[in-house]
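Student: Could we go through this one together, starting with the overall fold and then moving on to the details?

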Number of protein chains: 2
Amino acid sequence: MGELILTTFDWVPEMPRGYVRDLRVRWALEEAGLPYRVESTPFEDRNPEHFASQPFGQAPWLTDGDLSIFESGAILLHLGERSEALLPADPRHRSDTKEWLFAALNSVEMAVLPWSLLMFSGEAEDTSASKLFDGFLKVHRLQHLEPILAGREWLAGPFSIADILMADVLRLVDRFDGLADYPASKAYVVRATARAAFVKAHADQMAHFEAADAARG
Amino acid sequence: MGELILTTFDWVPEMPRGYVRDLRVRWALEEAGLPYRVESTPFEDRNPEHFASQPFGQAPWLTDGDLSIFESGAILLHLGERSEALLPADPRHRSDTKEWLFAALNSVEMAVLPWSLLMFSGEAEDTSASKLFDGFLKVHRLQHLEPILAGREWLAGPFSIADILMADVLRLVDRFDGLADYPASKAYVVRATARAAFVKAHADQMAHFEAADAARG
């Protein structure tokens, strides 16, 4: 257990602000009340040190003493092992939290990402590809998730890292109004993002990038 | 720790055979030498018991005594906690294995899935969507992964669950000849799938679905 240092981009364009994945880590750290420091790496001209810490040139990564960890899922699982506020101790809820953490990333985000990339790129017209990915997200994912979220407050017992990931993944769908037909999913996002830890994490990310604008003059 | 029961579909069409995700679990169980039993759930007419065990109606899931776990990533992490042949004990390799496990699922498979869906659906023509997802996979993922796989035998020290997932994800790219320009990635897939545990797991999955053909007459 060492000092926790979260590294994210020094600056990003307007579009991704509020959605850069360091938000997930900030949110978890705030929920757990773990002290941490934020450092920056250049968004433009990504350097070799960056690729040594994050092989795909993305952000964030976390250092904890001698360990350096990339991938938001791996970072949250690591923090979960440091705080029961993030990952419950009893075996059943602990196991359920981990499966829902993977479900958020590998079943739901897997369907959200292509859908949102087409939205971002303005390709969301009635092409066969846009229909394919719209159906993948809505018919194969949101339709099954909706009754689950209608029947419970959080995914796996108490609020956990699974909820941080699922809510953050669903926020991106909501941004493009994709939750209009899924009221329980929408209510879940509202419930999760009303938490003080999310509000602070989000404000901190926005302030971090706004400070960079100011520094650029 | 209870009896391990892996549940997969009773039958699938020819196309996905050899690629159904129970393969990942079979492979891990064979690597670890853990005894297990395979059960089947209907592929057509998926029943409420299925959705209770796997909320998206997919396969596989694993039961271990009182625990029922879905998501191949969560299952492999669970098995890793039962066997050092899957997840090394020393803290550095253990942490690296987990981050690469998430990288396989949430960075690489996230890019492979839309690319392969377009391939499967015959949409891989020169549309703007196909160019978008081809670039996402190759420029943003494979190009960065290639020098890493050129420089090491396995992702995180000894062979681990991270390699099972990454190799299985890359196999799907290779199936559509997407690794032609990435020789180290291709060699990694060949190396991983030459392991006795993969060969047995793959043969067992093929035999499972062939037996279903026979039963259907």
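**Fold and domains**

Tutor: In chain A, 72% of the contacts between residues at least 6 apart in sequence join residues at least 24 apart, a contact being two residues whose C-beta atoms, placed from the backbone, lie within 7 Å. This is a predicted model, in which local features need pLDDT of at least 70 and side-chain atom pairs count only at pLDDT 80 or more, while totals for chains, interfaces and linings use all residues. Residues are numbered from 1 along each chain as its sequence is written, with chains lettered from A and ligands numbered from 1 in the order in which they are written.

Student: What radius of gyration does chain A have?

Tutor: Chain A has 17 Å, which agrees with the value near 17 Å for a compact globule of 217 residues; the radius is taken over C-alpha atoms, and the globule rule is 2.2 Å times the number of residues to the power 0.38.

Student: And which domains is chain A divided into?

Tutor: Chain A splits into domain 1 (4-85 + 197-216) and domain 2 (91-195), with bounds from an automatic or database domain assignment. Their C-alpha centres lie 22 Å apart, and the contact takes eleven residues from domain 1 and ten residues from domain 2.

Student: Switching to chain B, is helix α3 mostly covered or uncovered?

Tutor: Helix α3 (residues 72-80) of chain B is mostly covered, with nine of its nine residues buried, that is, with 20 or more other C-beta atoms within 10 Å of their own, where exposed is 12 or fewer and partly exposed in between, C-beta atoms being placed from the backbone. Helices (H or I, at least four residues) and strands (E, at least two) are DSSP runs, numbered from the N terminus.

Student: What do those buried residues pack against?

Tutor: The partners of α3(B) include α4 (91-120) of chain A and α1 (22-32) of chain B.
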